[in-house]
Structures are given as structure tokens and as C-alpha cells.
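Welcome! Here is a short briefing to read alongside the structure. Keep the 3D view open and look up each residue as you go.

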Amino acid sequence: MAMAVALLAAEDPTKDAAKRELEKLQGTWALVGAEDKGTVLSEEDARKEKWSLVIKGDKFTMIRKKNSGTCTIRLDPGKKPAWMDFVFTEDGKQVNHAIYALEGDRLTICFSLKCNPNSPEERPAKLTSKRADNNKLRGLWMGIYKRQQK
């Protein structure tokens, strides 16, 4: 009986991993590279785009010049590649399914540029915008961001 109670009280290790990963993502990130339809943007060209993102708690805000949009993010770092979902509604039904990689102060995210809900089948398979490498999905964009110092 005590064992059953202990097992029920234990947290889901997947949620713990996602929580730890989310803590690592906190802060402001500036675009330093990108790939669009297989074409690579140099760091200089990427910086001219003036894209940045802010992650605070589970809120993800993408900023481009004077425009911005905020959503909730869900992570599953146990997937290969790791999953990042952009959740647009409180009921969790409108989701853009993306992937990401975090390496030190460098965050790479590949997602559908339509920035609207898509199906789980539309999640990129690889960190590239090339259709041939992503089940022929259209409209993918990959951004490479660098953490900004406070």
C-alpha cells in the first residue's frame, strides 16, 4: 500500500525533464542565422531581419521589428529531435508543432512559417527547411538564436 501511494505521488519524469529544459530556455534570444526553403541566411542578413524571442515562464513571445505575438510553449526534450509546441489557445487545441535543439547559448527552432495551427504530422523531422529532408512539408523555416546577456 505504501509503495502504491509513493508511486502515485511521484511526478512524471517526462514533465520534470520538460520543466528543467524550459528553465534553460528562459531569457531573450536574437536571431543570428536562418534557413528558408533551403537557403541559408548569413549572420549579418539574419541580424538585419531584427527577429528576437523572449521566453518567460511558459510564454514564448516572437518579436519582429515592431510586431510581436505570444503563445504558450510545451516541450518534450525526450523526443529526437526535441519537440516544441506553440499553443495558441487555452484549450490547447490550436498548436503549431515544431522541433528545436539547445546547445549552450544557441537555440535552433524549425517550424511552419504559417505560424498557425498545424497537425502533428506536419511537425518537421529534421532541423532544416529543406522539403526533401522533412517529408516534403512546405513553408518550413529554421531560426538560429543566440542568448542575449542581461
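Thr 61 stands opposite Thr 70 in strand S5. Please keep in mind that this is a predicted model.

- Strand S4 covers residues 59–64 and strand S5 covers residues 67–76; the two pair in the antiparallel sense over 6 bridges.
- S4 and S5 form a hairpin with 2 residues between them, and Lys 65 in the turn has a positive phi of about 55°.
- On to strand S6 (residues 82–87), which runs antiparallel to S5 and is joined to it by 5 bridges.
- The hairpin that joins S5 to S6 passes through 5 residues.
- Look for Leu 75, which stands opposite Met 84 in S6.

**His 97**

- Because its relative accessible area is 8%, under the 20% cut-off, His 97 counts as buried.
- Beyond its neighbours within four places in sequence, His 97 is in contact with several residues, including Met 84, Asp 85, Asn 118 and Pro 120.

**Asn 116**

- Asn 116 is partly exposed, because its relative accessibility is 43%.
- Setting aside neighbours within four places in sequence, Asn 116 is in contact with Phe 88, Val 95 and Asn 96.
- Asn 116 and Phe 86 are 30 residues apart in sequence, while their C-alpha atoms are 8.9 Å apart in space.

Technical notes
Residues numbered from 1 in each chain as written. Predicted model: local features only at pLDDT ≥ 70, side-chain atom pairs only at ≥ 80, totals over all residues. Heavy atoms only, no water. Buried < 20%, exposed > 50% of the residue type's maximum accessible area, 1.4 Å probe, protein only. Contact = heavy atoms within 4.5 Å. Pairing = 2+ DSSP bridges. Helix = DSSP H or I, 4+ residues; strand = E, 2+ residues; numbered from the N terminus.
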